[in-house]
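Work through these exercises with the model open beside you. Try each task before you read its solution.

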Amino acid sequence: MRSTGILGALSRRMLIGGAVVLGMAASFSTNALAAPKTGAVIGMAVEPGGLDPTIGAQVMIGQVTWQNIFEGLTTIDKAGKVQPQLAESWTISPDGLTYTFKLRQGVTFHNGVAFDSSVAKFTIDRARGADSANPQKRYFASIASVETPDPATLILTLSRPTGSLLYWLGWPASVMVEPKSAADNKVTPVGTGPFKFVNWAKGSKVDLAKNPDYWNKAVSVKLDTASFRFIGDPQAQAAALKAGDVDAFPEFGAPELVKSFEGDKKLSTVIGNTELKVVAGMNNTRKPFSDKKVRQALMMAVDRATVVEGAWSGYGTPIGSHYTPNDRGYKDLTGTWPYDAAKAKALLAEAGYPNGFSFTMKAPQMAYAQRSSQILQAMFAEIGVTMNIETTEFPAKWVADVLKAADYDMTIVAHAEPMDIDIYARDPYYFNYKNPAFNDLLAKVEATSDAAEQDKLYGEAQTILANDVPALFLFVMPKLGIWDAKLKGLWENEPIPSNVLTEVHWEE
Amino acid sequence: MKKLFSRPVLIIGFLVTLALVAVALASLVWTPLPPAKMNILHKLQPPLGFGLLGTDQFGRDVASMLMVGAWNSLSTAVLAVALGASAGTAVGVIVAMRRGWLELVTMRFCDIIFAVPPILSAMMLGAFIGSGRLTAVAAIAVFMVPVFARLTLSAARQIWTRDYVMAAIGMGRSKATITLVHILPNISGQIIVQVTIQLGLAILTEAGLSFLGLGMPPPAPTWGRMLADAQTFLGQAPWLALLPGLAIALAVLGFNMLGDGLRDLLDPKSQA
């Protein structure tokens, strides 16, 4: 179209004038006219060793891939509840031994392969097979057979009732993978999720991009791109947040630095719950920890509130058992052995150690472990017990010496997995705790599918642990979320270690 | 005496070192509060807010920790330098006495040890025997050996060419006797100067090892670990990093000045 005459000249002038005004406005407030952001950079402290949650135990793998790249038959929502995902619905036979899943149709993997019952069978057989490297292999142990009568139906037949099966199928370790790409998922993960894997710059970041063919049209994924950046040092994490290099640190590393964000209007601080239970495990077969009274005395010597204050700047919730307030059927058992140094000393004398004893704490290098150890050291000194601290490199050396060989007196570590109270029933496990009554309770939990009954049994199991003190139950770590105030949709709490980006978006 | 007062470097170095030694020794009998005593209610108090120099993240008294830290730092340094200096000096005078292929082999061996930084050797030692004071002492001492071996070798070689040593050889004195009677007394000045300077270096290295978690384990306070622990509290409690840093700097400065002053005092050239 040719512009002629006075109107054309005028409109051109108006255009220029308008542009000048706009330019001035932009110079005053640069954000006002900028296009809405469609990318997000999420910070994480530790880089995962691989990107396949079905073969690696590190929680960081799930924190990058779970619900972003990979999805499961079921999923766990932000409240910790089981929800259908790639399985639309299911029916459970009255005896609790047959699970019939109706699978969602029209779902494709990022490489174009269609999801159907044969893929689901492949995934489950791979996880439960003899040479499975699945970190939660025991979750699949009760599955006796997998049948696929048609592409939309999957039938699992169990050898014994497994009340937690649907919950377990929602875990990162149970996500659906297809046969062609499964072997390479460690470096180039291929799933059915709302984001596709783009690139992994080792030591720096993992890039994801929106999956335009995402099956779930009920959600509208707002982000076009997302990156996970790995920054270990808390000071550097804080600097990256303040400079805007990273949009969010869902698990910020240093509670003592959280206050420094308070005056910053660009950032919001969201303190949520996690499943990270900090417990000081004891070698229950080694003297003097083999004596229940000694363990109880040590528990009474610990003032949990002080540990939380000293180790994690007061952020955190004391626990009395291996269970967190967000777990179903939680009981507050911190009063079972309340802090009382005099009583602790008396109980220790009763156990035959009037002058205390000395032992070695193998403490990993992480700040929470080092600080908690030093506080415990001071508290035990009050009742005449000498604790030497030996720093043990985590994960390699700690896993070899403590977790695998159980060659230790006491150690301290945060257990990240939700609802993992059953670790005290495992044999062998590093606590060397053996209590048939406790094992029976956990077997009963799986045998029933009545939720109320399960909650009651979990309560009894917590009470046994709180009383027996196989480990000193200290506190649950908070989720110190620091992110750009305009970034919405990240989970406040962490019922399972994750960074779900499906609903993340920038507020205009 | 007059000569002493005309040397301000020596005097300042001496006074700073004396103060450090006095504080370290005093910590053995008295500190304002037990250094390991935690009082979480009073954590992160500024200097003069609670105690003389404030409290750390566990509410421990920083002044008490610095005092005991002085002892831990100084005793480790003295022990390490004493071991390194005696071994190095012994090697140096023996090699100077024998010369020949022994000198070649020993000096190349010293070069190899020199090439490995003490932090690295401490890490390797720590992996074998676990971290602790012993590791720190051993790592620093090993590093000191070639320093003293080189110094004594070159100094002793000069003395061996002196006329009075020639005369002693002529009179049939054994080499060992000559070393004890003539060589060692004549190079002692240089050794003392070197010991002083190396003490400063040893304190710095000990702090570095503690910073990395290779020094004495908690609850024993060390300047290096105080500094390491203070890192994330820098914004809230800068004194937690400043004070141990200042202590390390002062101690090293004191020993260096004392060493320089002693060198001027004992240097044969300036005596002429």
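Helices (H or I, at least four residues) and strands (E, at least two) are DSSP runs, numbered from the N terminus. Axes are lines fitted to C-alpha atoms, for helices over the stretch in contact, and angles run from 0 to 180 degrees between N-to-C directions. This is a predicted model: local features need pLDDT of at least 70, side-chain atom pairs count only at pLDDT 80 or more, and totals for chains, interfaces and linings use all residues. Residues are numbered from 1 along each chain as its sequence is written, while chains are lettered from A and ligands numbered from 1 in the order in which they are written.

**Exercise 1. Describe how H3(B) and H6(B) cross.**

Step 1: find the helices. H3 covers residues 62-98 of chain B, and H6 covers residues 133-160 of chain B.

Step 2: read the geometry. Their axes come within 5 Å and cross at roughly 35°.

Step 3: A crossing is left-handed if the near helix is turned anticlockwise from the far one by less than a right angle, and right-handed if clockwise. The crossing of H3(B) and H6(B) is right-handed.

Step 4: sort the contact of H3(B) with H6(B) by class. It has 24 nonpolar, six polar and two charged residues. Here Ala, Val, Leu, Ile, Met, Phe, Trp, Tyr, Cys and Pro count as nonpolar, Asp, Glu, Lys and Arg as charged, and the others, Gly among them, as polar.

**Exercise 2. Summarise chain B as a whole.**

Step 1: count elements. Chain B has eleven helices and zero strands.

Step 2: take its dimensions. Its C-alpha atoms fill a box of roughly 75 × 50 × 30 Å along the principal axes.

Step 3: check burial. A residue is buried if 20 or more other C-beta atoms lie within 10 Å of its own, exposed if 12 or fewer, and partly exposed in between, with C-beta atoms placed from the backbone. Of the 272 residues of chain B, 47% are buried.

Step 4: UniProt (unreviewed entry) places "transmembrane region" features in chain B, including residues 109-129 and 237-258. Such annotations may be inferred rather than shown by experiment, and UniProt positions follow the numbering used here, with feature names shortened.

Step 5: look at these two spans. Residues 109-129 of chain B are 90% helix and 0% strand, with end C-alpha atoms 24 Å apart. Residues 237-258 of chain B are 91% helix and 0% strand, with end C-alpha atoms 33 Å apart.

**Exercise 3. Which residues of chain B touch chain A, by class?**

Step 1: count both sides. The contact takes 17 residues from chain B and 18 residues from chain A. Two residues are in contact if their C-beta atoms, placed from the backbone, lie within 7 Å.

Step 2: sort the chain B side. It has eight nonpolar, eight polar and one charged residues.

**Exercise 4. Why is H7(A) called largely enclosed?**

Step 1: H7 spans residues 292-300 of chain A, and seven of its nine residues are buried, so the rest of the structure largely encloses it.

Step 2: name some. A:Val294, A:Arg295 and A:Met300 are among them.

Step 3: find the cover. It includes H9 (341-350), H10 (367-382) and strand E18 (471-484) of chain A.

**Exercise 5. Trace the pairing of E4(A) and E5(A).**

Step 1: strands pair if DSSP finds at least two bridges between them. E4 (residues 87-92) and E5 (residues 98-103) of chain A pair in the antiparallel sense over five bridges.

Step 2: A:Thr91 has A:Thr100 in E5(A) as its bridge partner.

Step 3: five residues lie between the strands of this hairpin, where A:Gly96 takes a positive phi near 75°.
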